[in-house]
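Dear colleague,

I am handing over the structure below, and my notes on it follow. Please read them with the coordinates open beside you.

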Amino acid sequence: MYQPGLYVRSNASQRECVSRMLREWAGRLRWSREEQEAVLDVGCGPGDVTAQLLLPRLPSSVRVLVGHDVSEAMVRYAAAAHAALAPRLRFLCTDIAARDLPATPLGACAQQLQGFHKVFSFYALHWVVDQRTALRNIHSLLRPGGEALLSLVANAPMYDTYIAMQNNPRWCEFMQDAYSFMPPYKRSRDPVNDFSVVLQEAGFNIYACRLEHFSYRYPTMQEFGDSTMVLNPFLKRVPEELKTIYIKDFMREYQREKVKYMSMVSPQELERNDTTLYHSVLITHVEKGNQDVS
Ligand SMILES: C[S@@+](CC[C@H](N)C(=O)[O-])C[C@H]1O[C@@H](n2cnc3c(N)ncnc32)[C@H](O)[C@@H]1O
């Protein structure tokens, strides 16, 4: 995942889904006519979504868009690739679940800006195990009255494939911690409710919280495989001489899990097509009340 160049070449599905989300959801946010607002993108990765999809949708009155990520490699790549848009667009390295946020570069930046007016996050928060701290931090980074539009993966057949591969004696030694890569609400019976509880505990007022299913058809098997493998945290542990066979086994298992998953969540949408990627996403629009209680 921390291969920014490869990720940029393989994230067509995420880009398509973020475009759809922004088309549908971005118009719900209230923008000030008087104030020059400050905006944050949490878990910005290599910055292509931040610079090419988010920035063009922001009003020209936005004075600064900050992208941040826990990975230094991602932040370095983003800053170099989008240097021409600095200083209006800038990138910082910080863990959104940091216990001492004010001591981090992002905490210092928020203090200097007197807080962010808007926070966005796409395809990042499901990587964060400590959801409560992450959501509390996002709340504390916002100004009173600020809004956030957050999206995170709730479920996808890829995660069931991790478990199937972990149960395969040939691959289990490389995948013993597969459960620690599960999205936090994957095992939940009611992900919208469970995520809403965390949002409310963090102090947010919830305008909307929904679970949406996405599918994206890659034009070729190669692109489909690359997009799956770039997110696979185990591949780097597999010895070089076994990688081809690991990928082949993974993709075969993945196709099986895909059919099972879609038969459960939305059988009418199941295209029996080898290059279609499916996942479900929690999308929420929340506000930090004007009375800052944190
Ligand atoms: C799948 S990428 C998504 C990148 C970008 N938002 C997009 O939509 O293409 C997920 C990103 O979340 C970042 N991430 C994971 N855990 C994080 C954390 N605790 N704090 C900040 N970023 C994190 C990863 O480093 C990675 O770059």
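How far apart should the ends of helix H10 (residues 243-265) be, at 1.5 Å a residue, and what is the distance between its end C-alpha atoms? Please bear in mind that this is a predicted model. The 23 residues of H10 should span 33 Å, and the end C-alpha atoms lie 31 Å apart, which agrees with that expectation.

**Helix H10 and its cover**

The buried residues of H10 are Tyr246, Phe250, Glu253, Tyr254, Glu257, Lys258, Tyr261 and Met262. Among the elements that cover these buried residues are helix H7 (157-166), helix H9 (221-229) and strand S7 (276-288).

**Two helix pairs**

Two packed helices are described by the angle between their axes and the distance between the axes. H7 passes H10 in a right-handed crossing. On the H7 side the contact is made by Pro157, Met158, Asp160, Thr161, Ala164 and Met165, and on the H10 side by Phe250, Glu253, Tyr254, Glu257, Lys258 and Tyr261. Sorted by class, this contact of H7 with H10 comprises 7 nonpolar, 1 polar and 4 charged residues.

The second pair is helix H6 (residues 131-141) and helix H8 (residues 191-201), whose axes come within 9 Å and cross at roughly 50°. H6 and H8 are therefore also oblique to each other, and H6 passes H8 in a right-handed crossing. Here Gln131, Arg132 and Leu135 of H6 meet Val198, Leu199 and Glu201 of H8, and by class the residues of this contact divide into 3 nonpolar, 1 polar and 2 charged.

**Leu65 in strand S2**

One single residue is worth a note as well. Leu65 has its place in strand S2 (residues 64-69), and Leu65 counts as buried because it has 24 C-beta neighbours inside 10 Å, where 20 or more are required. Leaving aside residues up to four places away in sequence, Leu65 touches Val39, Asp41, Thr50, Leu54, Leu55, Leu58, Arg88 and Leu89. One of these, Leu54, is 11 residues from Leu65 in sequence, while the C-alpha atoms of the two are 9.2 Å apart in space.

How values were computed. Residues are numbered from 1 along each chain as its sequence is written. This is a predicted model: local features need pLDDT of at least 70, side-chain atom pairs count only at pLDDT 80 or more; totals for chains, interfaces and linings use all residues. Helices (H or I, at least four residues) and strands (E, at least two) are DSSP runs, numbered from the N terminus. The expected span of a helix is 1.5 Å times one less than its number of residues. A residue is buried if 20 or more other C-beta atoms lie within 10 Å of its own, exposed if 12 or fewer, and partly exposed in between; C-beta atoms are placed from the backbone. Two residues are in contact if their C-beta atoms, placed from the backbone, lie within 7 Å. A crossing is left-handed if the near helix is turned anticlockwise from the far one by less than a right angle, and right-handed if clockwise. Ala, Val, Leu, Ile, Met, Phe, Trp, Tyr, Cys and Pro count as nonpolar, Asp, Glu, Lys and Arg as charged, and the others, Gly among them, as polar. Axes are lines fitted to C-alpha atoms, for helices over the stretch in contact, and angles run from 0 to 180 degrees between N-to-C directions. Angles under 35 degrees count as roughly parallel, over 145 as roughly antiparallel, 65 to 115 as roughly perpendicular and the rest as oblique.
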